[in-house]
Amino acid sequence: MEKIQVSATTSQKFSDDLTSVYELIKAYRNQVNSEEKQAAKSKSRDLALTATTVAMILIGGLYAALSFLPVSIWGGNAEVIRVVLQLMILLIYILGGASISLQYFSFKEIFKDFTGQVIGFASDTAKDEAALYEAFDELSTESIKYVVNRLDQASNQLGQLRSFLLGAIDKVGIIPGLLATILAISKVADSTGVSWVELLSVLMLGVYISMFPITEASIKTKRISVLLNQYLVLFRQNSESVK
């Protein structure tokens, strides 16, 4: 009976610690996201997402119209419209890359002191990380290791899903999409109607946009896993497994 009671008490402690670990992680993310600069970035990102969504709907609708409506409706403007649409796709790639970069760096200072920006970014995040580590001191090593393993598994599953849907594109980023767009622009004058290269450029852009949330979630999940692993190495490596 005594062994059963000890086991139950240990399991309850582990369960409580697990809940606390996840609550601390959520509080850490809320703290990071609550900064004024993060709020500003969130607004610019929401604006970029809205603009991209509207642009994709417009591009898709016009390409559908160009593909299925008679050429006579467009007169001599079909070729110009196709070039403009491809240029819009190219612009989305550029603005998308800029929007992602602005989440971390300021373009105003990027050519003045890029190293300083990186150090500043690391310094800002270290403050919240130190507070997170201090809170972990009250929790068991097993619970933290368990969460690390779960986060690693979640990140790996997201990565596998991304690789399954993107295939080899996952290794080379947006380069294939950019090349397809540039090739489509160069081929507009050589084709009488919408070419498969143009449709491919639209399709690839749609795939990239739909995969971005999965990629971002995988990166952030892995980052939190690394933070927990760092804590275990720095503060728990030579300590007792259960506090």
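**Close-up views of a predicted model**

**View 1. Lining of the second largest pocket.** Leu66, Val71, Trp74, Gly75, Ala78, Glu79, Arg82, Val188, Ser191, Thr192, Gly193 and Val194 form the lining of the second largest pocket. The model shown here and in the other views is predicted. By residue type, the lining of this pocket consists of six nonpolar, four polar and two charged residues. The volume of the second largest pocket is about 170 Å³. Rolling a probe the size of a water molecule over the atoms shows where empty space is left.

**View 2. Helices at the second largest pocket.** Two helices, α3 (71–74) and α4, each contribute at least two residues to the lining of the second largest pocket. Helix α4 gives the largest share of this lining, with three residues. Helix α4 itself covers residues 78–102.

View 3. Leu91, Ile94 and Leu95 together make a nonpolar surface patch of about 300 Å². One of these residues, Leu95, is found in helix α4, which also supplies residues to the lining of the second largest pocket.

**View 4. The loop around Gly173.** Gly173 sits in the loop that lies between helices α7 (169–172) and α8 (175–187). Is Gly173 buried, partly exposed or exposed? Gly173 has a relative accessible area of 31%. Buried means under 20% and exposed means over 50%, with partly exposed in between, so Gly173 counts as partly exposed.

**View 5. Gly173 and Tyr208.** Along the chain, Gly173 and Tyr208 are 35 residues apart. In the model, a distance of 8.9 Å separates the C-alpha atoms of Gly173 and Tyr208.

Definitions and conventions. Residues numbered from 1 in each chain as written. Predicted model: local features only at pLDDT ≥ 70, side-chain atom pairs only at ≥ 80, totals over all residues. Heavy atoms only, no water. Patch = residues over 30% accessible without salt bridge, like charges linked within 9 Å, V, L, I, M, F, W, Y side chains within 5 Å. Areas by Shrake-Rupley, 256 points an atom, 1.4 Å probe, with all protein chains shown as cover. Salt bridge = Lys/Arg side-chain N within 4 Å of Asp/Glu carboxyl O. Helix = DSSP H or I, 4+ residues; strand = E, 2+ residues; numbered from the N terminus. 1 Å grid on protein atoms, 1.4 Å probe; cavity = no way out; pocket = protein on both sides within 12 Å on 5 of 7 lines; lining within 4 Å. Points joined across faces, edges and corners; volume = space filled by probe spheres on them. Nonpolar A, V, L, I, M, F, W, Y, C, P; charged D, E, K, R; others polar. Buried < 20%, exposed > 50% of the residue type's maximum accessible area, 1.4 Å probe, protein only.
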